[in-house]
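User: I would like to learn how to read surface patches, pockets and salt bridges in a model of this kind. Could you take me through them one at a time?

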Amino acid sequence: MTTTRLSSKGQVIIPKAVRQSKRWAAGTELTVEERPEGVLLRPASSKRKYSIDDLYGVLKYDGPPKSLADMERGIDEAMQERWARKSQK
């Protein structure tokens, strides 16, 4: 068992061996829970909020392959529709 010290700023250094065994890198967010026997540290919930950019390409396309010309044509059509909607406002 190792010991650590509380700094004047209220900070505690978690020993390297413990950080490595728990795989806590710098910047890991921890929850602090007060218990009768002491304090419990746990990693904060890792429920990540995803953006559309994170999910791009996740869904599979089930159909014939599209050529680059087909994709460019589709982009052009979508942009024309978008500009038409924008000009109606």
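Analyst: Let us begin with the surface, bearing in mind that this is a predicted model. Tyr50, Leu55, Val58 and Leu59 make a nonpolar surface patch of about 480 Å². One of these residues, leucine 55, lies in helix α2, which spans residues 52–55, and it counts as partly exposed because its relative accessibility is 43%, between the limits of 20% and 50%.

User: How much space lies in the largest pocket, and which residues line the pocket?

Analyst: Rolling a probe the size of a water molecule over the atoms shows where empty space is left. Here the largest pocket holds about 230 Å³ of space, and its lining consists of Ile14, Pro15, Val18, Lys22, Trp24, Val39, Leu40 and Leu41. Strand β2 gives the largest share of that lining, three residues, while α1 (16–22) and β2 (38–43) each supply at least two.

User: How many salt bridges does a search of the whole structure find, and which side chain meets arginine 42 in one?

Analyst: The search finds three. Glutamate 33 meets arginine 42 at 2.5 Å, N to O, and glutamate 33 also pairs with arginine 35, with the closest N and O atoms 2.8 Å apart. Aspartate 70 forms a salt bridge with arginine 73; these two are separated by about one helical turn, because they stand three residues apart in helix α3 (residues 68–88). Through shared partners, salt bridges join Glu33, Arg35 and Arg42 into one network.

Terms used:
Residues numbered from 1 in each chain as written. Predicted model: local features only at pLDDT ≥ 70, side-chain atom pairs only at ≥ 80, totals over all residues. Heavy atoms only, no water. Patch = residues over 30% accessible without salt bridge, like charges linked within 9 Å, V, L, I, M, F, W, Y side chains within 5 Å. Areas by Shrake-Rupley, 256 points an atom, 1.4 Å probe, with all protein chains shown as cover. Salt bridge = Lys/Arg side-chain N within 4 Å of Asp/Glu carboxyl O. Helix = DSSP H or I, 4+ residues; strand = E, 2+ residues; numbered from the N terminus. Buried < 20%, exposed > 50% of the residue type's maximum accessible area, 1.4 Å probe, protein only. 1 Å grid on protein atoms, 1.4 Å probe; cavity = no way out; pocket = protein on both sides within 12 Å on 5 of 7 lines; lining within 4 Å. Points joined across faces, edges and corners; volume = space filled by probe spheres on them.
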